[in-house]
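Me: I have a model on screen. How do I read burial along a helix?

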Amino acid sequence: MKKIAVIPARYEASRFPGKLMAKLGDKTVIRRTFESTRESGLFDEVYVVTDSGLIAEEIESLDGKVIRSRKKHETGSDRIAEAVADMDADIVLNVQGDTPFISKKPLQLLLEAFDGPHADEISVGTLKREITDWDQINNPNVVKVIADKNDFALYFSRAPIPYPRDMRAGQRYFQHIGVYAFRKQALLDFST
């Protein structure tokens, strides 16, 4: 099974334009994300798909593979679907360009879902982690996810679900991590 990672990298982010080219220590955010993904060793290929010459130059300076978007897209997944439409790939991982600290273990767990006991039922997968800090739980910039007993996502929200009426009730909250894995056809279907 051929597994590729594609990092959508739009320069003009609505909340923080140029975020991916901002320095995080001595490297840009997009460089850290690209290097973390490539160094995981989990993928047959790693690509960055972008509409930005600055981002393209940054990745090409690392001998990285860049695909230029031909048109504007509403989402990173749409940008990736355009890029992989004619590629040979079975699983396409969408690693958000602003996840510079993504590590091998969560990427590996996500990929394993496509080989696991429910593999036939899975067309799309994503990541989550438990959060207990009330500032994060109530922060609209932290996307929360609610899953069923089989760990299939039901809802994504910027608001805490369920609403924390009683903080001592023992409700667990999970942050959605911005990484998605698609079977290629599911990605193409999603974008249309």
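Reply: Start with the term. Buried means under 20% relative accessible area, exposed over 50%, partly exposed in between (1.4 Å probe, protein chains only). Helices (H or I, at least four residues) and strands (E, at least two) are DSSP runs, numbered from the N terminus. This is a predicted model: local features need pLDDT of at least 70, side-chain atom pairs count only at pLDDT 80 or more, and totals for chains, interfaces and linings use all residues. Residues are numbered from 1 along each chain as its sequence is written, and side-chain values use heavy atoms, without hydrogens and water.

Me: Which residues of α2 are buried?

Reply: I55, A56, E58 and I59 are the buried residues of α2. They fall within an arc of 160 degrees seen down the axis of α2, so they line one face of the helix. The arc is that of the directions from the helix axis to the C-beta atoms.

Me: Why do residues three or four places apart point the same way?

Reply: An α-helix has 3.6 residues a turn, so such residues point the same way.

Me: What do the buried residues of α2 pack against?

Reply: Contact means heavy atoms within 4.5 Å. Here the partners are β1, β3, α1, β4 and β5 (65-68).

Me: Which residues of α1 are buried?

Reply: In α1 (residues 29-39), they are V29, I30, T33, F34, E35 and T37. Their packing partners include β2 (23-24), α2 (53-60) and β6 (91-95). Just after α1, G41 takes a positive phi of about 70 degrees.

Me: Where is confidence lowest, and where highest?

Reply: pLDDT is the predictor's confidence in each residue, from 0 to 100. Helix α3 (residues 76-84) is lowest, at a mean of 89, and α1 is highest, at 97.
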